[in-house]
Amino acid sequence: MSTLFSPYKMSDFQLSHRVVLAPMTRCRSLNGIPQQANVKYYTQRATPGGLLISEGTLISPTAPGFPHCPGIYSDQQIHGWAKVVDAVHAKGAIIFCQLWHVGRASNQVYQPGGNTAPISSTDNPISTRWKILLPGGKSGNFARPRRLSTSEISSVVDDYRQAAVNAIKAGFDGVEIHGAHGYLIDQFLKDGINDRKDSYGGNITNRCRFLVEILRSVCSNIGSERVAVRISPSIDHLDATESNPMDLGLAVIEELNRLPQLAYLHITQPRYAAYGQTEAGRHGNEDEDRKMVRSWKNAYRGCFMGSGGYTKELGMRAVANGEADLVSYGRLFISNPDLVERFKTDSGLNRYVRATFYTQDPVNGYTDYPFMKNGEKPVISRSRI
């Protein structure tokens with residue numbers, strides 16, 4: 001029976017265990033360029049044969065929606081990431097770069113010139129129920145987006161292609177296309193957002209077209225074995241609602257199965273929601289959630305990674321029951337740089353501090369979470385709760 005600590009062959013990569021660092025926005029790349037603090041952060045979480053996925057990395061100047069997120073479209077950014085990748089590889093780990101465009105989940109202040117509308121599949125804004133983090137640390141409303149014309153879409157596809165080429169130039173082992181959580185690609189996938197009347201809207205095949213074109217372009221340039229994708233059919237983050245998440249997930253998977261095999265498919269579990277809540281907790285239907293995930297896992301002909309609200313126990317169960325091949329961890333990996341060893345030894349965990357998730361401090365809440373000492377079970381710091 002496989003466990004989180006069983007080896008796994010993922011595409012051309014031999015993994016020594018199945019605990020993956022999930023992609024997480026951390027806002028520590030000043031002016032969009034990875035810094036020495038980023039090198040330390042990723043290196044702390046690297047293990048021989050372990051897989052790391054970078055935080056969302058911007059594909060173009062129109063892509064931001066958070067302060068100080070890294071990009072991969074300039075020479076300075078490529079050079080900064082190369083330092084991170086080299087340090088991670090020196091520890092024997094594998095690292096993929098998550099390619100990100102937030103689409104309408106932005107504000108004019110983040111756009112070129114500071115006064116243009118963000119792009120999207122639609123011209124409808126995210127509701128005021130959701131707030132955006134602005135550069136000064138305050139929250140504000142998302143801007144009304146500008147609907148991409150049909151003729152403009154190919155240029156955005158090319159931005160993803162070039163970003164993937166740049167990531168390989170920086171030394172990344174591969175890329176993960178971020179198609180989840182209410183950001184640009186998800187704004188095309190979800191019928192609660194996509195109100196287009198052209199070939200990129202309407203039926204489910206058309207809504208998948210943008211993602212498929214991106215994947216084909218990226219795969220043809222860097223090889224499908226170096227390409228992965230993340231989706232979240234059942235997650236309504238940032239008003240990304242879908243009337244039939246089961247069918248959307250299956251439709252995306254059907255398209256993926258037509259492509260040369262990717263490195264992995266990364267799906268956020270239905271139980272996950274923003275701010276630490278879970279879908280299971282809100283809707284009370286865990287059996288239906290697991291049935292949905294099993295359907296997606298059984299349909300996909302490749303490596304299947306689960307993410308969202310996993311504990312060690314849930315991760316072990318998912319791998320043992322064949323619900324996931326790999327499991328990615330976010331918040332637990334933030335506060336426990338040696339998470340893999342803690343899981344292996346059943347040691348206690350440091351608690352994460354949500355207030356420091358999205359600051360620019362290069363140390364506090366970023367690289368200062370303690371490692372275990374001499375294999376002893378750690379004392380959880382109450383000052384960090």
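This is a predicted model: local features need pLDDT of at least 70, side-chain atom pairs count only at pLDDT 80 or more; totals for chains, interfaces and linings use all residues.
Local features need pLDDT of at least 70 and side-chain atom pairs pLDDT 80 or more, whereas totals for chains, interfaces and linings use all residues. Residues are numbered from 1 along each chain as its sequence is written, and side-chain values use heavy atoms, without hydrogens or water.

The number of disulfides (pairs of cysteine sulfur atoms within 2.5 Å) is zero. For Cys-97, the nearest cysteine sulfur belongs to Cys-69, 12 Å away. Cys-97 is buried at 0% relative accessibility, where buried means under 20% relative accessible area and exposed over 50%, with partly exposed in between (1.4 Å probe, protein chains only).

A nonpolar core is a set of buried Ala, Val, Leu, Ile, Met, Phe, Trp, Tyr and Cys residues joined through side-chain atoms within 4.5 Å. The largest has 96 residues, and Ile-177 is one of those with the most contacts inside it. Beyond its neighbours within four places in sequence, Ile-177 is in contact (heavy atoms within 4.5 Å) with residues including Leu-99, Tyr-160 and Val-229. A second, separate core of 15 residues includes Tyr-8 and Phe-13.

The structure holds 14 salt bridges, each a side-chain nitrogen of Lys or Arg within 4 Å of a carboxyl oxygen of Asp or Glu. One of them joins Glu-242 and Arg-207 at 3.3 Å, N to O. Both partners are buried, Glu-242 at 13% and Arg-207 at 7%. The side chains of Asp-346 and Lys-312 also meet in a salt bridge, at 2.4 Å; here Asp-346 is exposed, at 53%, but Lys-312 is buried, at 13%.
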